[in-house]
Amino acid sequence: MHLTRLIVGGAAATALLAGCATGPSPAELDAQARQAIQSSFRDQGIAKTDRLNQDPALAACSTDKAPDEAAADRVMADALFTVKWPAGGQFVGDWRRGEAIAQSGRGMTWTDNSTDPKDNGGNCYNCHQIDQKEISYGTIGPSLWNYGKNRGITDVASPATAPIVHYTWVKLWNPRAYSACSNMPRFGHKGLLNEQQLRDVMALLLDPKSPVNQ
Amino acid sequence: MSDPMRIRAQAAGDKVTVRVLMSHEMETGQRKDAAGKVIPAWFIQEVTATHNGKTVLTADWGPSIAKNPFLQFVVKGGKVGDKVAVTWTDNKGGKRTDEATVS
Amino acid sequence: MVKPSLIGLAALALCAGAQAQKSTADGIAEYRKMLEDGNPAELYEAKGEALWKQKRGPKNASLEQCDLGQGPGVVKGVFVTLPRYFADTQKVQDLESRLVSCMAMLQGFDAAEVAKTPFGRGEMANVTALATWIASVSRGMRFNLPQSHPAERQSYEVGKRAFFFRAGSHDFSCATCHAEDGKRIRLQDLPNLTKNPGDGIGFAAWPAYRVSNGQMWGMQLRLNDCFRQQRFPYPGFGSEVTIALATYMGVNAKGAESIAPSIKR
Amino acid sequence: MQTRREMLARSATVAGLLAGAGFLPLSAMAAWPQAAFDSKNMADAVKALGGGAPVESKDVSVSGPDIAENGAVVPVGCATTLPGVKRLLLLVEKNPSVLAAVFNVTDAVEANLNTRVKMGQSSNVFAVAMMNDGKVFFAAKEIKVTLGGCGG
């Protein structure tokens, strides 16, 4: 129904503006696109239509153009504000579990049964090289091979490493804090991975014993 | 019941290269469905190929053969216009024969 | 015994990087080449061609009078001009949604029922087979979607906006993976769909036989599964967004040669 | 004591000999060799089909890609240049069902068969040639299976 009305509307507008050869304005097209998105999807399993609702951080990054500087700064400042530090200042877990999380691309689709983070993977290898032994890795994000080693980490508990450790935690919790329109999911902020899972991924990246830092 | 095979038989010199695609699930019997129930094994077990009615190749297959199986073989001493037929039989007794003319 | 293998490992680590990646890419290319000859999509092409000619449905009619945009019964060349606007339905339609309209108009099927059928089942499996055959008839032709009707231009603009729309639990849009050159997920190359990605790439490669699950996928299922992986809710079959995205990709692919139906991981 | 496997192996051998000598049409060899397909390794599978210990040979070849983008469909082939071959086998070492295919070849076809197998993980793939004189030769190739796609 919507479509028919829109097309009729579009045709009328075209007739009206015949001669200047202009179609609907960008703002009108934006509205039509929003309506098309709202009418095209339905709930399926855990994937409900409320997932189409954008927060300001998504709305600012949904065209082929980057947001202006002020808008980008706002997104980054808001994102930094969302970060929760881990309980007891414990930032680093078990790299073996971290590797398993990094390998898994599962979770949160309409064919998954639960939204519990423990059932989710981190999707990390989909976009990043991490342990060099895994030859099947994506290139949407930068290589994380030797992530800790390249940053001179020999002891994750040493105070000297705190800036890198904190930076990495923020990056995993809400990457928009550093890059307004980062492609990376907001793993902590959106509840995709729990605190322990994030610690384990931290270990994969930072632990000098992790295969990533050999 | 089952969909037809695609058989391409092409002559080059006195040799005929035969490529066969069969429409079959080739279910291993090792997989589980969404409810956790084992999906029963269902796969082609035997394949027979004939050239002008004479059996030239038989095969026994296990569940490791990929879904919608592909088979390629070369018949010696064939020519354009010859008939190549392939028959498969699966573990549930399903059976299908298709024929192609060598081009 | 231990020492030589350690030395071997060290050597391996030294020459890893560029060289290892090259050999991985070469290996994958070799694998794809081997699969090209004997694409199971052929099984669906044959089925689709038979379905086109067969008298079926409540009206016991064939689809031979179906108008896919270039007049009743014209099949060759239509694939590279869809989606386009159809006056009889007053809609921009892609190949699959247009086939459902023809099945309704000519054969008397209930279009809404067909659209609701899960992929791979019943009449939906038939739609996929038909689309596979129709695509095959235009193999080697170049994409050239019409943009003369206002609804076609609107479809493109809506598609472009939907392409960049970020949402879902993971904040993904189509553009997250498909707006840059030379990127991959795992080992799979990602076409840049904001422009012509080249002959037989992206929009010009579907329908395709999916090796991973042994299914034939039309563009509707391709988009459906993209949205699943994007962690979006479920897009309706033939919904406005799916068709607008197809228009966006198809127009961007102008001049690209169609290799559909192809074979994919 | 004769195990069921040995019995089956023996009957298969006998049937094979008869067929080779032209006493039986090939199609009468019918019975699907269950024991061979139940075998957990190449030697057992060959034994179940009535063959001796397989010996590696340059005259047997196994073809396939070095890397498979998806383990669900991996193109593989087996061939031999040796005269007097009775059967060509394809096996995937790490599959639950190791034996993938047994091809009973005749003089009317080349000893060169291609098909596609499933592979659950990276593994050796074997081509085995069982000869009319009872000798058994094989070739091996490692095929890596990669994880692909979004993985969800």
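Across the interface of chain D and chain C of this predicted model, eight residue pairs, both at pLDDT 80 or more, are found in polar contact, a term for a pair of N or O atoms within 3.5 Å in which, within protein, one must be able to donate a hydrogen and the other to accept it, while residues adjacent in sequence count only if both atoms are side-chain atoms. On the chain D side, β3 (67-68) and β4 (74-80) each supply at least two of the residues that touch chain C, where strands (E, at least two residues) and helices (H or I, at least four) are DSSP runs numbered from the N terminus. By class, that side of chain D has nine nonpolar, six polar and three charged residues; Ala, Val, Leu, Ile, Met, Phe, Trp, Tyr, Cys and Pro count as nonpolar, Asp, Glu, Lys and Arg as charged, and the others, Gly among them, as polar.

One salt bridge is counted between chain D and chain C, the term meaning a side-chain nitrogen of Lys or Arg within 4 Å of a carboxyl oxygen of Asp or Glu. It joins the side chains of E69(D) and R32(C), at 2.5 Å from N to O.

The area buried between chain D and chain C, that is, the accessible area (1.4 Å probe) that the two lose on being put together, summed over both, is about 1800 Å², and carbon and sulfur atoms give 59% of it. I67(D), E69(D) and R116(D) supply 35% of the area that chain D buries against chain C, more than any other three residues.

Turning to chain D itself, one finds three helices and nine strands, and 56% of its 152 residues count as buried, meaning under 20% relative accessible area with a 1.4 Å probe and protein chains only. Strand β7 (residues 112-117) of chain D is largely enclosed by the rest of the structure, because five of its six residues are buried. Six bridges join β4(D) to β7(D), and these strands run antiparallel; strands are said to pair if DSSP finds at least two bridges between them. Strand β5 (residues 70-76) of chain B is also antiparallel to β7(D), joined to it by two bridges. In β7(D), T115(D) is the bridge partner of V76(D) and of L71(B).

Residues are numbered from 1 along each chain as its sequence is written, and chains are lettered from A and ligands numbered from 1 in the order in which they are written. Local features need pLDDT of at least 70, side-chain atom pairs count only at pLDDT 80 or more, and totals for chains, interfaces and linings use all residues, while side-chain values use heavy atoms, with hydrogens and water left out.

Key
Buried < 20%, exposed > 50% of the residue type's maximum accessible area, 1.4 Å probe, protein only.
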